[in-house]
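Please keep the sequence and the model open while reading.

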Amino acid sequence: MFNLNELLTFESENAYESAYDLPVRRNFSNPKIYSANGDLKKRWYLYFSYRDPKSGKLKRVTPFYGNANKYKTKEERLSVLVTYRKVLLRLLKQGYNPYADNTELYLKLQSKETDKESQGLEQEQNIITKAVEETPAMTLQEAFDFGLKQKEKIVNTTTKRSYDNRVKLFLEWMAENHADIKTIDTLNKQLVSGFLNVILERTSARNRNNYRTDLSSIMQVLEDNDIIESNFIKKIPVLKSIPERNKTYTTQAQEEIFEYLEKNDPLLLLYIKFISYNFLRPIEVSRLTVGDINVKDRTIQFKAKNSPLKTKIIPEILWGELPDLSKLNKEWVLFTPQEFGGVWETREENRRDYFSKRFKKVVKDPFGLSEDYGLYSFRHTFITKLYRAMVKDSSPHAAKSQLMQITGHSSMEALEKYLRDIDAELPADYSEMLKTTHE
């Protein structure tokens with residue numbers, strides 16, 4: 001007896017071939033996708049109901065997971081489940097029954113189609129082709145507007161703005177260089193590759209890859225909604241790029257900077273201490289408000305890179321630096337150009353950029369620091385310092401387990417990669433092992 005997993009796996013290999021429906025009694029509900037509200041930590045799956053032969057009522061059957069949860073991005077995982085859904089619906093229409101032996105159906109799927117089925121498929125394909133030909137294709141602008149509208153519901157404001165800007169530039173480039181391409185069905189891999197090559201020449205491989213990712217994400221929405229046949233951008237390779245990384249400060253440099261700012265810019269120093277002692281990213285510090293700080297519990301809540309809302313304790317070393325918060329409006333931004341706690345009507349990206357430029361003017365230029373050093377460097381510096389202190393009195397695994405709770409990394413794998421990238425893990429002196437035996 002063949003189960004759903006075997007049937008669905010077999011049929012997924014032919015998921016993009018034209019499907020046909022056999023006339024069967026509808027005893028099932030349409031398969032649906034459970035995406036856990038976009039939470040990649042939870043399992044995504046397909047679910048549907050089938051008519052119970054005993055009760056005669058539709059009853060939920062065991063969900064189907066397949067290989068979907070092996071994928072680490074929302075787009076990839078959703079793409080796999082959409083394919084599974086199409087195949088499952090076809091199997092149900094062809095007679096799959098979770099309460100019966102499906103061996104006959106399985107063997108039938110393996111065998112070649114009969115002439116009658118081939119003729120039926122050809123006739124249906126002709127109908128579909130005719131219908132497609134009679135349906136006017138969306139313009140490029142209409143198609144990308146549709147994709148952006150769908151993304152608006154599932155991504156944050158910053159990501160949506162990135163999509164908007166990159167799509168706008170792409171459409172402007174198309175209008176200027178390929179004005180004859182009007183509709184989405186005439187867009188092809190060669191044209192998009194040409195645009196990405198221009199981005200590569202003007203900027204960097206990393207930026208080119210970011211454009212590829214955003215455009216592919218929009219095109220995937222169009223594929224999932226049957227506006228285009230396939231997302232060909234996925235076939236455009238990702239270029240190898242050298243990741244940008246802020247260097248870690250030496251202990252001496254860090255102490256000199258703190259001492260200098262204590263006298264010359266205490267507000268900027270407090271901003272940096274939120275990065276250093278609470279291990280927040282500059283953008284996370286920039287979006288903080290007075291109300292994000294719980295005075296009673298001495299905790300702080302903020303929107304992090306890898307979660308909608310994260311809570312951290314405020315260590316004593318930072319708490320002692322904070323002014324009296326009871327007199328401040330909870331809606332006020334924590335850091336403004338003039339003071340701690342106040343009104344600053346601008347986007348969080350602009351706030352972060354302001355303090356980055358201020359750091360360059362007040363610290364980087366006077367200290368002669370290269371472009372490899374920035375505000376983010378303080379996060380690397382103090383995580384390195386904390387890890388090395390922890391590992392002195394415990395095993396590396398125990399130290400990392402404790403450190404993960406403090407830094408907020410989503411997994412041990414992510415933390416270990418981060419520690420490798422910033423060279424936080426250094427071996428003990430191995431000179432003795434290099435000495436020859438006769439010395």
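Start with helix α6 (residues 157-177) and helix α8 (residues 205-224), whose axes come within 10 Å and cross at roughly 95°. Angles of 65 to 115 degrees count as roughly perpendicular, and α6 and α8 are therefore roughly perpendicular to each other. On the α6 side the contact is made by S162, Y163, R166, V167, L169 and F170, and on the α8 side by N207, N210, Y211, D214, L215, S217 and I218. Sorted by class, this contact of α6 with α8 holds seven nonpolar, four polar and two charged residues. The model is a predicted one, and this applies to each of the packing arrangements described here.

The crossing in which α9 passes α14 is left-handed. Q254, I257 and F258 of α9 make the contact with F378, F382 and K385 of α14. The residues of this contact of α9 with α14 comprise four nonpolar, one polar and one charged.

Next comes helix α10 (residues 266-278) with helix α13 (residues 348-367): their axes come within 11 Å and cross at roughly 120°. That angle makes α10 oblique to α13. The crossing of α10 and α13 is left-handed. From α10, the residues L267, L268, Y271 and I272 take part in the contact, while α13 supplies R352, F355, R358, F359, V362 and V363. The contact of α10 with α13 has eight nonpolar residues, no polar ones and two charged ones.

Strand β5 (residues 293-294) and strand β6 (residues 299-304) run antiparallel and are joined by two bridges. Within this pairing, N294 stands opposite T299 in β6. With four residues between them, β5 and β6 form a hairpin. In its turn, R298 has a positive phi of about 55°.

How confident is the predictor, and what is the mean pLDDT of the chain? The mean is 85, and 86% of the residues reach 70 or more. Over residues 15-24, however, the pLDDT is below 50. Beyond near neighbours in sequence, the stretch of residues 15-24 has 25 contacts in the model.

Methods. Residues numbered from 1 in each chain as written. Predicted model: local features only at pLDDT ≥ 70, side-chain atom pairs only at ≥ 80, totals over all residues. Heavy atoms only, no water. Left-handed = near helix turned anticlockwise from the far one by under 90°. Contact = heavy atoms within 4.5 Å. Nonpolar A, V, L, I, M, F, W, Y, C, P; charged D, E, K, R; others polar. Axes fitted to C-alpha atoms, helices over the stretch in contact; angles between N-to-C directions. Parallel < 35°, antiparallel > 145°, perpendicular 65-115°, else oblique. Pairing = 2+ DSSP bridges. pLDDT = per-residue confidence, 0-100.
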